[in-house]
Amino acid sequence: MITSIHNDKVKQWNKLRKKKSRVETHAFLVEGFHLIEEACASDWELAELIIQDGITVPDVAKGYPYSLVSSAVMNHISSTKTPQGIAAVVKMKEHEAGIFEKLLLVDSLQDPGNLGTMIRTADAAGFDAVILGNNTVDVYNEKVIRSTQGSIFHMPIFQADLMTKIPDLQEEGFTVWASALSKATVYTELTPSNKIALIVGNEGAGISEDVLQLADFRVTIPIYGKAESLNASIAAGIFMYYLQG
């Protein structure tokens, strides 16, 4: 059993909390029973389990290589206040392009909770993939992963420069909608096409002007109360369910 936080393995696990190390090792850390069960049930590669002494391994995770650690080590590598005593190193997966009809494009989103919720909602709404533009928070950030509630293992997620990706999608027959607060049409006044890409932007600044200019339509959600705007992930959810319906 590993009991020292100065152990080389522990140092490597702890480094995975930093984007630089995740990129270098092409791996990331997940915590908790639910996320690990989701990872095991997917076609992602689970490289190693990290089990706290006294914790029972769920049946779906049995058979994977594991390291037994003390509670002090688990607390050291965990990013949660009350660790469940189980974590795993998962290898990043390169998704292949498929036949997509419903896409969520994310421009410069910074809040990890919002991104994770958007990915989870895209999964729930039956969208085909999510494309993350430049300056968007790292999808393998631990807060993003937790907020996806496992949808990260079911939803193809790509990185792309939206300035070049959007014209490519339009050439492929996609209609591009952009969420905006001004100079926009109420979303229910438009009839979605079969192939559609929805762009959502930064929590405060919205979609960058250069990206916004590329959209076929700017769409908005009416505000009936005194709130200035909706949370970015809530707005994305409303749009996605309308586009799927």
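Student: So two strands count as paired when DSSP finds at least two bridges between them. Which strand does E9 pair with, and in what sense?

Tutor: This is a predicted model. In it, E9 pairs with strand E11 (residues 217-220) in the parallel sense, over 2 bridges. Thr185 stands opposite Val219 in E11.

Student: What sheet do E9 and E11 belong to?

Tutor: An open sheet of 7 strands with parallel pairing, in the order E7-E6-E5-E10-E8-E11-E9. Strands E7 (157-159) and E9 (185-186) are its edges, each pairing on one side only.

Student: Which strands does helix H5 touch?

Tutor: H5 (residues 112-124) packs on the sheet and touches E5, E6, E7 and E10. Its direction makes about 175 degrees with that of E5.

Student: And H7? Which strands are those?

Tutor: H7 (residues 162-171) touches E5, E6, E8 and E10, with its direction at about 160 degrees to that of E5.

Student: How many bridges join E1 and E4?

Tutor: 5, in the antiparallel sense. Phe28 stands opposite Val90 in E4.

Student: Which residues touch the most other members of the largest nonpolar core?

Tutor: Phe28 again, with Val30, Ile36 and Leu104, out of 49 residues. Helix H9 (residues 232-244) gives the most to this core, with 6 residues.

Terms used: Residues numbered from 1 in each chain as written. Predicted model: local features only at pLDDT ≥ 70, side-chain atom pairs only at ≥ 80, totals over all residues. Heavy atoms only, no water. Helix = DSSP H or I, 4+ residues; strand = E, 2+ residues; numbered from the N terminus. Core = buried A, V, L, I, M, F, W, Y, C linked by side-chain atoms within 4.5 Å. Buried < 20%, exposed > 50% of the residue type's maximum accessible area, 1.4 Å probe, protein only. Contact = heavy atoms within 4.5 Å. Axes fitted to C-alpha atoms, helices over the stretch in contact; angles between N-to-C directions.
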